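Hi,

Here is the structure I promised to pass on. My notes on it follow below.

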Amino acid sequence: MSSRKLLAGLLLLLSCSVKEDRELCPCALSIELTHLPGPVTVQVVAGEHRASYSARNDTVMLVQVPKGKIRLMAVSGVKLEPEENLQIPYGYECPPVYLYSDLVNTLCDSTTVAVQLNKHFCSLSLSFDGPAGWGEPYWAQIRGGIDGLDRDGQPVEGDFSCRLDTGFTVRLPRQEPERELWLDITLPDQIVRTFPLGTYMQESGYDWTAPDLADLPLEIRLSVTELLVRSPLWEKVIPVQMDI
C-alpha cells in the first residue's frame, strides 16, 4: 500500500473521535479502478446514503461510507441508477455497457474493493452478399426476448428488435442461453428467411454467461436457392424457397 493511500485512510479513521462508539464511525472504503473502458460513474448506496463519483483513468478512490452493507456500482457506456434496470428501446441496439455491481460488507473501519468492469454486450458485425440482379435493398433484422439488463448484469425479459445493414455492426445485450434469438433476412415487402441465430451461436460454443462477452463477425451469402451463414465458429447452408 502506498504511503499516500495509507495516510488518507488514517485521516478518514481519525475524523471519528476515539471517544465515540466505533460502530457509528464511517468505514474508509478504498475503490480501486483499473483498465477502464472509458469514463466511469461510481455509485455508492446504503439506505438513505447516496454518493456518485466520476473517473476517467485508472485510479483509487478513498471515500467514507456507512458501516453495514452497501451497494457499489461502476458503470460505463450508459447512465444507470443502482435501483434501475437498463431497458433498450424497441428498434435500437444495446448501448456499449460495462458494469460492476456488488454488495460490499463495510462492517469494519476500512476495506478495499478492486472493481473490474465487465462487457455485457456482443458486437455482431455483418458482411452481407445477395444477388445483384434483384435491384432492391435487403438487410437483416435481429429479434429476441431480452431487451435489457438488471443492476447485476443479468438479462431482463422484453421485446428486442434491431435492424442490421451490410457492413455495419450491431450491439446485442447479454442473453439467456436457452432463449432464442432470431435473424430475419428481409426485403422491403417480405421476409426472405428467418433462422435461429441464438441456436447456432450456442451450438458453436458461444458463451452468453462469460464475464466479458466476445464479439462476432457474421458473413451471409444469399442466393435464390440457398442461404450461407458463416462465422469463425460455424458455417450453415440453408435451403431457401423464394419467389423473386
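Glu176 is partly exposed at 21% relative accessible area, where buried means under 20%, exposed over 50% and partly exposed in between (1.4 Å probe, protein chains only). Its partner in a salt bridge is Arg179, with the closest N and O atoms 3.3 Å apart; a salt bridge here is a side-chain nitrogen of Lys or Arg within 4 Å of a carboxyl oxygen of Asp or Glu. Arg179 is partly exposed too, at 26%, and Glu157 joins Glu176 and Arg179 in a network of salt bridges.

Mind that this is a predicted model: local features need pLDDT of at least 70, side-chain atom pairs count only at pLDDT 80 or more, and totals for chains, interfaces and linings use all residues. Residues are numbered from 1 along each chain as its sequence is written, and side-chain values use heavy atoms, leaving out hydrogens and water.

The whole structure has 11 salt bridges. One of them pairs Lys236 with Glu203 at 3.7 Å, N to O. Lys236 sits in strand 18 (residues 235-239) and Glu203 in helix 2 (residues 197-203), so this bridge ties together parts 33 residues apart in sequence. (Helices are DSSP runs of H or I, at least four residues, and strands runs of E, at least two, numbered from the N terminus.) Glu203 is exposed at 58%, while Lys236 is partly exposed at 28%.

As for disulfides (cysteine sulfur pairs within 2.5 Å), the count is 0. Cys27 has its closest cysteine sulfur in Cys108, 4.0 Å away and too far for a bond.

Cheers
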